Amino acid sequence: EASGGMEFDISGLEGEDEEEIVDEEEAPESTENSSVVTPQATKNLTVATYNIAAGKIVNFDYTLIAADIRNSGADIVALQEVDQTTLRNGSQDTMEILSAETGMQYYAFAPALSPYQEGEYGVAILSKYPIESYMYFELPKVTAKEEQRVILQSEINIGGTTFDFFVTHAQSNSIREQLTAANDYISSSSKFIYAGDFNTSNYSL
């Protein structure tokens with residue numbers, strides 16, 4: 001299940017104006033039967049991190065994972081071990097399904113392995129709020145045999161003010177090198193949330 005849910009007070013992220021936060025390019029033509037979040041209505045932000053194990057534990061039925069996410073009440077979810085249109089998941093577009101099933105229309109995906117089983121495999125972000133931009137960076141690994149890992153950085157807009165949201169999936173054998181590199185990327189951000197599957201309980205590395 002989605003884990004590590006945390007609630008943040010985001011009153012300080014509200015814009016000076018009170019405009020509705022709908023991305024003009026991605027907003028639906030009709031808002032009938034949909035709700036629009038405004039800065040006034042949003043005082044707290046709930047964030048979760050979820051290693052979905054490519055969907056294997058639910059036999060690649062991503063509607064079950066989407067139900068977990070909805071039940072968590074999260075506004076933004078960091079996802080790890082995400083298959084995108086791979087042979088093993090039946091060429092399903094995982095992020096498109098999760099977005100549709102959760103109603104969280106904004107998402108970003110970063111491939112750690114590409115190509116992988118005729119698709120891609122990596123980490124992702126699912127958000128109720130607009131993702132204005134994103135990029136990703138490869139993290140170092142101790143040996144060439146280790147699986148490549150990445151850190152995904154997205155810029156999320158809440159009420160006209162943006163902050164960075166980072167997600168990664170570190171590997172235990174290279175944890176020191178990867179967290180050090182990740183910290184270097186994050187240090188350039190003044191406002192951020194950092195989430196993921198770190199494969200460690202020792203964050204003093």
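Which residues does T168 touch, not counting residues up to four places away in sequence? Select T168 and you'll find Q80, V123, L139, V150, I151, Y194, A195, G196, D197 and F198 in contact with it (contact means heavy atoms within 4.5 Å). T168 counts as buried, at 1% relative accessibility (buried is under 20% relative accessible area, exposed over 50%, partly exposed in between, with a 1.4 Å probe and protein chains only).

Before moving on: this is a predicted model, where local features need pLDDT of at least 70, side-chain atom pairs count only at pLDDT 80 or more, and totals for chains, interfaces and linings use all residues. Residues are numbered from 1 along each chain as its sequence is written, and side-chain values use heavy atoms, leaving out hydrogens and water.

**Next stop: the sheet**

T168 sits in strand 8 (strands are DSSP runs of E, at least two residues, and helices are runs of H or I, at least four, numbered from the N terminus).

Zoom in on strand 7 (residues 149–158) and strand 8 (residues 161–169), which run antiparallel and are joined by eight bridges. At I158, look across to T161 in strand 8.

**Over to strand 3**

Select residues 76–84. That's strand 3, and nine of its nine residues are buried, so the rest of the structure largely encloses it. Strand 2 (residues 44–51) runs parallel to strand 3, with five bridges between them; T49 has A78 as its bridge partner. Strand 5 runs antiparallel to strand 3, joined by seven bridges, and there V82 is partnered with G122.

**Last stop: the cavity**

Where is the largest cavity? Select E81, A112, Y121, G122, V123, E147, Q148, R149, V150 and H169, which line it (on a 1 Å grid over the protein atoms alone, a cavity is a set of points where a 1.4 Å probe fits but cannot get out, and lining residues have an atom within 4 Å of a point). About 50 Å³ of space lies inside (the volume is the space filled by probe spheres set on the points, which are joined across faces, edges and corners). Strand 5 gives the most to this lining, with three residues.

Conventions: Pairing = 2+ DSSP bridges. 1 Å grid on protein atoms, 1.4 Å probe; cavity = no way out; pocket = protein on both sides within 12 Å on 5 of 7 lines; lining within 4 Å.
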